[in-house]
Amino acid sequence: MLKERLRRLILGRPVGSAQAAEELVSAGIEGKHASQTQKSEDGLSTSYARHSHALEQFACHIRANPGLSILDLGGVRQANVTFITELGHKLYAQDFLRSFSEMLGDSGDRQDDQQQVAIFVEQNLNFPDAFFDGMLIWDLLEFLPPLLLKETVSRLFRIGKPGCHLLTLFHAEERSALVPAYAYRILSQDQLSLISCGLRQPVQVFNNRSIEKLFQQFQSVKFFLTRDQLREVIVLR
Amino acid sequence: MWNKRREEDLKPRPVAPPTSAELAKEGIPISTFATKNSETDIPRSNALIGKSVLIKGQIYSREDLTIDGEVDGTIELQEHRLTIGPHGKVQAGIRARDVVIMGTVHGNIEAADKIDIRKEAKLVGDIKTARIVIEDGAYFKGSIDISRPEATKAQVPKPQAAAAPASPAPQQQPLVSRPVEAK
């Protein structure tokens with residue numbers, strides 16, 4: 001029972017989602033500057049849209065030329081597919097966290113197994129070197145165990161073209177045990193919709209220094225602070 | 001008391017001989033289905049591969065097809081719709097006009113018009129289509145390439161005469177080949 005609950009927490013499935021959503025509302029996390037806040041019909045999730053500087057910068061980069069290759073690791077979402085493909089780009093999408101939990105499960109032994117991690121990365125990020133012009137990583141990096149995180153970032157560096165932009169997010173609470181899990185939808189070139197879907201336990205908590213260290217191979221790391229306890233980060237390959 | 005009526009029912013009733021009009025009516029087959037007069041009302045035929053069917057090989061269909069079983073091979077429905085039902089498991093390259101996925105598909109899909117991926121679907125493969133609809137909760141791993149009608153038109157090769165030469169044109173050779181006399 002406890003194991004199942006913990007698994008759901010890690011997977012981000014709604015765990016007392018209505019309560020979680022209300023907690024978010026009461027904590028003011030859902031954005032004081034949010035343009036709109038909506039509760040779903042079932043009352044299990046809330047969503048709000050807000051301006052995103054990181055998205056604006058990412059969109060500015062990919063709008064320059066059509067026919068780019070964009071990777072989205074946050075799972076396929078209609079809004080994101082529409083946004084990317086309407087710009088004339090080819091989208092490569094997959095739900096990296098879902099694949100991770102399906103293949104490596106919640107067993108610490110498998111997640112720490114170098115060989116298993118290498119196989120997982122090979123199966124899920126099997127692209128030619130210097131292939132992508134942009135990558136939407138969202139907030140998944142903070143939910144990966146250390147070994148997989150290192151391998152993943154290293155592979156992202158390899159498959160990104162020089163000048164490739166990575167859009168990623170990290171929660172700003174440095175001590176929080178549980179953080180709100182979001183599904184991210186691109187509404188326009190500078191508007192992002194965040195749909196809360198329960199709470200998740202991050203594997204690692206990052207501050208600015210640790211984020212810079214994580215992407216030390218890359219050319220630059222730019223932070224954008226937001227009012228909803230998220231750090232938006234644009235990483236330049 | 002209660003059986004009185006049943007006894008009455010059991011008694012044979014005198015049957016009136018059929019009239020000539022009724023006899024004539026009997027010869028005409030009557031369908032229990034609603035009749036469809038206009039061409040637009042005719043329901044589109046739809047072939048079905050049921051849950052317990054497993055097919056290995058090539059499927060070519062000239063009508064809409066629903067797969068709720070297992071298929072391993074290739075599927076081609078030029079101008080028709082393919083529906084992978086909730087129990088469908090397909091490991092195949094797919095070509096169709098429309099594709100609706102509710103089950104599991106491993107393979108590349110090329111749809112001339114639209115691909116509809118429902119929330120319970122699981123799709124691993126590359127997609128090439130003009131339009132796509134994806135419900136939240138669907139699992140997808142692969143690439144999405146939207147081929148717009150303008151793009152396909154642009155790809156149509158122009159006649160050679162209209163094409164502007166990029167470099168100084170060499171002397172144009174006649175297209176008709178002539179036999180060369182051996183000296």
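## Before we start

In this predicted model, local features need pLDDT of at least 70 and side-chain atom pairs count only at pLDDT 80 or more, while totals for chains, interfaces and linings use all residues. Residues are numbered from 1 along each chain as its sequence is written, chains are lettered from A and ligands numbered from 1 in the order in which they are written, and side-chain values use heavy atoms, with hydrogens and water left out.

## Two helices in chain A

Let's begin with a pair of helices. Two packed helices are described by the angle between their axes and the distance between the axes. Helix α7 (residues 114-124) of chain A packs against helix α8 (residues 146-159) of chain A at an angle of about 35°, and their axes are 10 Å apart. Helices here are DSSP runs of H or I with at least four residues, strands are runs of E with at least two, and both are numbered from the N terminus. The axes are lines fitted to C-alpha atoms over the stretch in contact, with angles from 0 to 180 degrees between N-to-C directions.

Who touches whom? On the α7(A) side we find Q114(A), V117(A), F120(A), V121(A) and E122(A), and they meet L147(A), L148(A), E151(A), T152(A) and R155(A) in α8(A). Contact means heavy atoms within 4.5 Å. The residues of this contact between α7(A) and α8(A) split into five nonpolar, two polar and three charged.

## Strands side by side

Now over to chain B. Strand β4 (residues 70-84) of chain B pairs in the parallel sense with strand β2 (residues 54-60) of chain B over seven bridges; strands pair if DSSP finds at least two bridges between them. Here K56(B) sits opposite D72(B) in β4(B). β4(B) also runs parallel to strand β5 (residues 89-101) of chain B, with 12 bridges joining the two, and L82(B) stands opposite V99(B) in β5(B).

β9(A) and β10(A) form a hairpin with four residues between them, and Q229(A) in the turn has a positive phi of about 60°.

## Where the chains meet

At the meeting place, 16 residues of chain B are in contact with 18 residues of chain A. The area buried between these chains is about 1500 Å², and carbon and sulfur atoms give 45% of that. Buried area is the accessible area (1.4 Å probe) that two parts lose on being put together, summed over both.

How many salt bridges are there between chain B and chain A? The count is three, where a salt bridge is a side-chain nitrogen of Lys or Arg within 4 Å of a carboxyl oxygen of Asp or Glu. D136(B) forms a salt bridge with R185(A), the closest N and O atoms being 2.2 Å apart. D136(B) also meets R77(A) in a salt bridge (3.6 Å, N to O).

How values were computed:
Nonpolar A, V, L, I, M, F, W, Y, C, P; charged D, E, K, R; others polar.
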